[in-house]
Amino acid sequence: MARGKGSWGMPKGKIQHIETIQKSEREKAIENRLRRYRALKGEEPRNAFLLSKTGLQLIQDMARENFSDVKIAFVLENPNIIKFREQNPMFDLSWKYGQDLRINDVENAMFISAKGYKSEEHFSETKTGPDGTQIVFNQVRERSFPPDPRAQQYILNNLRPATYKAQQEVSSN
């Protein structure tokens, strides 16, 4: 492998740049809170941190990012996290609230899909002229996504099941 290259043959800086672009603000917050948690030594201070406002926010964000109990135990380096969750109702409540937020995110996405939406795509293109100068073209393209009938049907079946049934019952006399 060439010197200064990553495991895939790409320059190391490029791979790191791609990874930093893809991290959301919530993921960055989780990493920062985990650094503070891992800096604490011993079970007592770590448990106290998990019951603090910052620790409870960490658990909410992890639940919202779809972390399972096992993954949280691994990330927090605490195999007794399930027992800790049972013994501390605030921790459990924070976990459940994070799961509710995740479900709300999905419901909102389903509703937007059912209504249809428009989005803008921003991209730039660089072209080199005959004299060697580079010209950058910034473009904005608006895309329109039509309403999704399957999402509409799903929402109506769940909001008003008596009116909008998936299968209508036919009675014969």
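R33 forms a salt bridge with D61, the closest N and O atoms lying 2.7 Å apart, where a salt bridge is a side-chain nitrogen of Lys or Arg within 4 Å of a carboxyl oxygen of Asp or Glu. R33 belongs to helix α2 and D61 to helix α4 (residues 53–64), so the pair ties together parts that are 28 residues apart in sequence; helices here are DSSP runs of H or I with at least four residues, numbered from the N terminus. Both R33 and D61 are buried, a class that means under 20% relative accessible area, with exposed set at over 50% and partly exposed in between, for a 1.4 Å probe and protein chains only.

The model is predicted, with local features requiring pLDDT of at least 70 and side-chain atom pairs counted only at pLDDT 80 or more, while totals for chains, interfaces and linings use all residues. Residues are numbered from 1 along each chain as its sequence is written, and side-chain values use heavy atoms, with hydrogens and water left out.

By the rule above, the count comes to 11 salt bridges. One of them joins E77 to R38, with the closest N and O atoms 3.7 Å apart, and this pair links distant parts of the chain, since E77 sits in the loop between α5 (69–75) and α6 (81–87) and R38 in helix α2, 39 residues apart. E77 is partly exposed, with a relative accessible area of 48%, and R38 is likewise partly exposed, with a value of 35%. R38, E77 and R46 are linked in a network of salt bridges.

Helix α2 (residues 25–39) packs with helix α3 (residues 43–50) at an angle of about 150 degrees, their axes being 9 Å apart; axes are lines fitted to C-alpha atoms over the stretch in contact, and angles run from 0 to 180 degrees between N-to-C directions. That angle makes α2 roughly antiparallel to α3, a term applied to angles over 145 degrees. The contact, meaning heavy atoms within 4.5 Å, is made by R33, R36, Y37 and R38 of α2 together with R46, F49 and L50 of α3. By class, this contact has 3 nonpolar, no polar and 4 charged residues.

Within helix α7 (residues 89–115), D92 and K96 lie 4 residues apart, about one turn of the helix, and their side chains meet in a salt bridge of 3.2 Å, N to O. D92 counts as buried at 18% relative accessibility, whereas K96, at 42%, counts as partly exposed.

Conventions:
Helices (H or I, at least four residues) and strands (E, at least two) are DSSP runs, numbered from the N terminus. Angles under 35 degrees count as roughly parallel, over 145 as roughly antiparallel, 65 to 115 as roughly perpendicular and the rest as oblique. Ala, Val, Leu, Ile, Met, Phe, Trp, Tyr, Cys and Pro count as nonpolar, Asp, Glu, Lys and Arg as charged, and the others, Gly among them, as polar.
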